Structures are given as structure tokens and as C-alpha cells.
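User: I would like to go through this model with you. Could you set out the terms as we proceed?
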Amino acid sequence: MLSEPEHNWEQRREQLSALLDNELAGAERAELETHLQSCAACRAELESLRRARALLRALPQPALPRSFLLPLEPAAQHASGELAEPLRVGRRPSATPAPTRPARPAPVPLSDARANRLRRSVKVVRWLSTVAAVLGLFLLLGSALSTLSSGGKATTANAPSSYSQNSPTDAGGTALGSATPPPESTQKTTTTQDHATPTEVGPNPAATATAKGSGTNGNATPGTTLQSRNEPGSGGGFSLSTPELGLLLLVVGVVGFVVAAVLRRLWPGANR
Amino acid sequence: MNSSEGNQTGWSGSAGRHQEQPGDLEALLIARSRRKDTAAFNQLIIMHQQAVYTLAYRMLGDPENAADVTQEALFAAYRAIESFRGGSFRSWLLRITSNACFDYWRRSRRRPVESLEALTEQPTDHDEGLAQQFAADERWNPENVLMRVELQAYIQNGLMHLAPEQRLAVVLSDIQGMSYDEIAAMTSTSLGTVKSRIARGRAQLRSYLQRHAELLPRHYRLREEKDRGIE
């Protein structure tokens with residue numbers, strides 16, 4: 001019975017194997033099931049296939065050796081070069097591409113165009129703030145030096161008032177106070193006032209320019225515009241002195257840096 | 001692990017048939033990946049990397065090469081995402097993965113099989129004695145089987161002795177839980193071919209396991225397993 005000539009084992013095995021998987025059509029299946037009742041060889045064959053399948057199914061999933069995430073570079077920029085590189089990396093087992101930025105929870109993804117614009121404006125803000133800060137420092141130091149060399153004693157009538165008028169408008173002013181000697185700078189205001197007025201016309205546009213530059217990014221706008229509005233407002237009886245202008249520029253510069261840093265933290269995509 | 005009831009469904013182990021549920025999330029992620037949104041594609045990778053790696057591992061039999069091929073397949077999928085035309089994304093990924101496996105063999109000029117007899121897809125002679133032994137041997141009783149590391153390696157070895165097309169069909173069916181239809185579509189073959197490859201693959205694996213049982217460590221030999229089965 002076992003080696004009956006009509007037992008085409010190749011075909012029989014296929015049927016039995018398909019039966020295991022419920023992949024046998026109705027009539028064929030019914031026929032096979034009746035045959036199985038009378039044929040021990042086919043039952044053994046079925047059982048052996050079932051066991052082979054069971055062993056495969058019982059295999060646990062192999063543990064992932066690493067994460068296969070793709071690096072998050074914007075692919076559109078250098079499509080050919082960028083995609084070719086990780087492929088090469090993939091073949092070398094030693095140089096595994098590190099999953100990018102696992103620490104930071106994925107930030108809101110920026111589209112390429114937006115990221116580019118942001119990147120550019122952050123750069124502009126930083127550049128302008130640098131200019132403002134350097135100019136401010138320069139003015140402060142310059143006036144400090146000139147007061148030291150002239151050694152003039154000051155009549156401190158209106159100087160403190162103008163100083164206090166300015167400083168509360170900006171929180172950064174207090175922090176800067178420690179860096180620059182405040183009593184000296186207030187003294188200078190009176191002595192150099194006459195010379196200072198014409199020179200400050202020059203730097204002034206720069207100050208408003210920085211205010212505008214950083215103004216495009218929201219945060220800096222209120223503080224800086226307040227400051228620049230201060231000048232024409234008090235322009236009737238009082239004009240800004242050199243050290244005050246220097247201080248103001250420094251503040252603008254610092255605010256610009258802070259804004260740039262905040263922007264970069266919010267959208268890391270704008271970083272690159 | 002229940003084995004005896006119903007020979008239609010056969011043994012139903014922990015690795016049940018995978019159910020395909022494309023889902024809105026996956027469709028959304030695919031749409032975003034088409035616009036070269038790498039973060040979205042990475043979400044898809046997280047969902048499917050285990051299946052991709054498992055297929056590569058079972059085909060190649062070695063974790064390091066499997067990892068390389070997995071990475072390669074996922075990059076290839078990312079590049080070719082526009083060519084995905086609906087259907088099961090998982091099947092599509094697994095197709096790319098199996099192609100990457102064959103590419104790997106071609107590239108490395110390594111033989112995809114360890115035995116010459118398996119190089120062809122020729123039917124093997126039916127060995128009734130062997131089938132009966134295997135069916136009666138307590139070691140292979142699914143109820144007794146403990147999937148120790150040695151046994152896993154032994155089964156993997158058995159897989160490596162199959163012709164690659166048989167191995168692929170068997171792995172897709174019994175490990176990835178795909179239906180014959182899915183496998184036929186994925187491998188661009190007929191239903192009949194899938195059926196025969198799976199049947200031959202299983203038969204071949206069974207023969208290997210029975211013939212080379214001396215490769216198993218001693219505690220897998222018949223006596224002990226029998227004792228444990230009786231207990």
C-alpha cells in the first residue's frame with residue numbers, strides 16, 4: 001500500500017502541505033481527507049510536514065542588532081551623493097550609521113524652503129547683533145577712555161536721570177551694568193555731551209537697522225523699538241550720549257544673540 | 001502549544017499568521033515618505049524592521065550580513081518609494097529584502113546553499129522511512145519542543161540546506177505567515193510553484209533534521225526528550 005504506483009509522492013506531498021495551510025480547494029481537500037483515513041503513509045507524511053512547520057513557527061524572532069533608521073538629512077539637497085553614502089556605510093559592518101539625534105524627541109519637521117529661510121534669517125540676526133555689540137563696546141570703551149584721559153569732574157545733574165530713564169526699559173541693562181562701570185559712564189555723559197551729539201548720528205541708523213533685522217523674528221521687536229522710540233521722544237530736551245548709545249547697542253546685540261539661540265533651539269533643522 | 005486537534009489547521013504556535021492591516025497611519029506615512037520625508041519613512045522602518053531583518057536573517061543565516069542587507073533593503077525601499085503601488089507595504093518591503101539577499105549572494109559570490117543536492121529544485125526521492133521516523137520521534141513533537149539556542153541553530157542550519165527559492169517560500173509562509181497568494185504575488189510566480197516549493201522545503205527540512213540529528217547536543221537526543229515527554 002505504501003509504495004503504490006499511483007502514489008505520486010511529489011504531488012501528494014504538495015497536497016498534504018497545502019492542507020496544513022488551509023490552501024486546498026473543497027473537492028480536492030475532501031478527497032484527500034478520506035484518503036488519509038485509510039493511508040498510514042500519508043498520515044505519517046502529513047505529521048512530519050506538520051512538525052517541520054511547527055518547528056519553523058516556534059523559532060523566536062532574531063533580536064535586532066541595531067536600529068535601521070535612516071539619517072535625517074534633508075535628502076532633496078544632494079540627492080545623489082547623500083543616498084550613495086549610507087549605502088556604502090551599510091555594507092561595512094564596522095561603520096554603522098548612528099541613529100540621528102536619539103535624545104531629542106523629533107521636532108516639528110520643517111519643509112526645506114522654510115528651513116532655508118529660517119537658517120538665513122537666524123544668520124542675519126546673529127551677524128547684525130555682532131555688529132551692534134562690537135559697536136556698543138567700542139563706544140563704551142572709547143568714551144570711558146576719553147573721560148579717563150580728560151579726567152573731567154562731572155556735574156551730575158541730569159546724567160543719572162537720563163541713565164535711569166533708559167535702563168528700566170530693558171531687562172538686559174541690569175546684567176550689563178556689572179560689565180561696564182556705571183558710575184564712570186554716567187559721569188562722562190555730561191562732559192562729552194557736546195561732542196557726542198554729532199557723532200551719534202552716525203551709529204544711530206545702524207541701531208535702528210539691527211532693530212529691524214531682528215524685528216523680523218518677533219521676539220526682539222518690542223524691546224528694541226521701544227528703545228529707538230525713546231530717542232525721538234525725549235529728543236526735545238535731551239539727546240542720547242555716547243556711553244548710553246554704546247550700552248543700547250550692546251543690549252541689542254545680546255538680545256539678537258538670544259533670539260538666534262532660541263530660534264535654533266526651537267527648530268534644529270534650521271541649524272544646518 | 002496545542003497540536004493534536006484538527007489536521008486542517010495543524011499546529012498553531014505562538015507565531016500566528018500575520019494579519020495585514022495597512023491602516024490609515026501607514027498610508028499617511030507612505031504618502032509623506034513619497035515627498036522624501038525621512039522622518040515619516042523612519043516611522044515605517046520602526047513598524048517593519050523586525051520583519052525585514054527576520055527575513056534577511058533566515059535567508060542568510062548570519063546576523064552581520066543580515067543587518068547589512070536589511071539596511072541596504074531599507075535604503076533601496078526609501079529610494080524606490082514612488083514605485084510602491086498600493087497593496088501590502090510589508091509584502092513590498094519583503095520583496096525588496098529578498099532581492100537584496102539574492103544580490104548579496106551574487107555580489108559576494110557566496111553560495112546561497114550549503115549542499116550541492118539543494119542547488120537544484122529537483123524533487124527528492126520520497127523516503128517513507130524517514131518521514132515515518134520524523135513523525136514518530138518524540139524529539140520533534142511540537143508539544144515537547146523547547147526552543148533552546150542549540151535547536152534554533154540546528155533548524156537554521158536545516159534552512160540553509162534548502163535551495164534559496166524553497167527557503168524563501170518556506171520562510172515567507174511559516175515564519176512571516178504569508179498566504180500562498182501573497183507569496184506568489186511577491187515572488188512573481190504561480191500558485192502551483194509556491195505550493196510545490198513550500199512542500200519540498202518542508203520535506204527537505206524534515207529530512208535534514210532527522211538525518212543530521214547527531215549534530216544536536218546530547219541533551220536533545222531521544223532518551224531525555226522522551227523522559228520529559230512522559231513526565
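Analyst: Buried means under 20% relative accessible area, exposed over 50%, and partly exposed in between (1.4 Å probe, protein chains only). This is a predicted model, in which local features need pLDDT of at least 70, side-chain atom pairs count only at pLDDT 80 or more, and totals for chains, interfaces and linings use all residues. Residues are numbered from 1 along each chain as its sequence is written, chains are lettered from A and ligands numbered from 1 in the order in which they are written, and side-chain values use heavy atoms, with hydrogens and water left out.

User: Is V258(A) buried, exposed or partly exposed?

Analyst: V258(A) counts as partly exposed because its relative accessibility is 49%. V258(A) is found in helix α12 (residues 242–266) of chain A; helices are DSSP runs of H or I with at least four residues, numbered from the N terminus.

User: Turning to cysteines, how many disulfides does the structure hold?

Analyst: Zero, over all chains; a disulfide is a pair of cysteine sulfur atoms within 2.5 Å.

User: What follows α4(B)?

Analyst: R109(B), whose phi is positive, near 55 degrees. The end C-alpha atoms of helix α4 (residues 89–108) of chain B are 28 Å apart, which agrees with the 28 Å that its 20 residues should span at 1.5 Å a residue; the expected span is 1.5 Å times one less than the number of residues.

Conventions. Helices (H or I, at least four residues) and strands (E, at least two) are DSSP runs, numbered from the N terminus.
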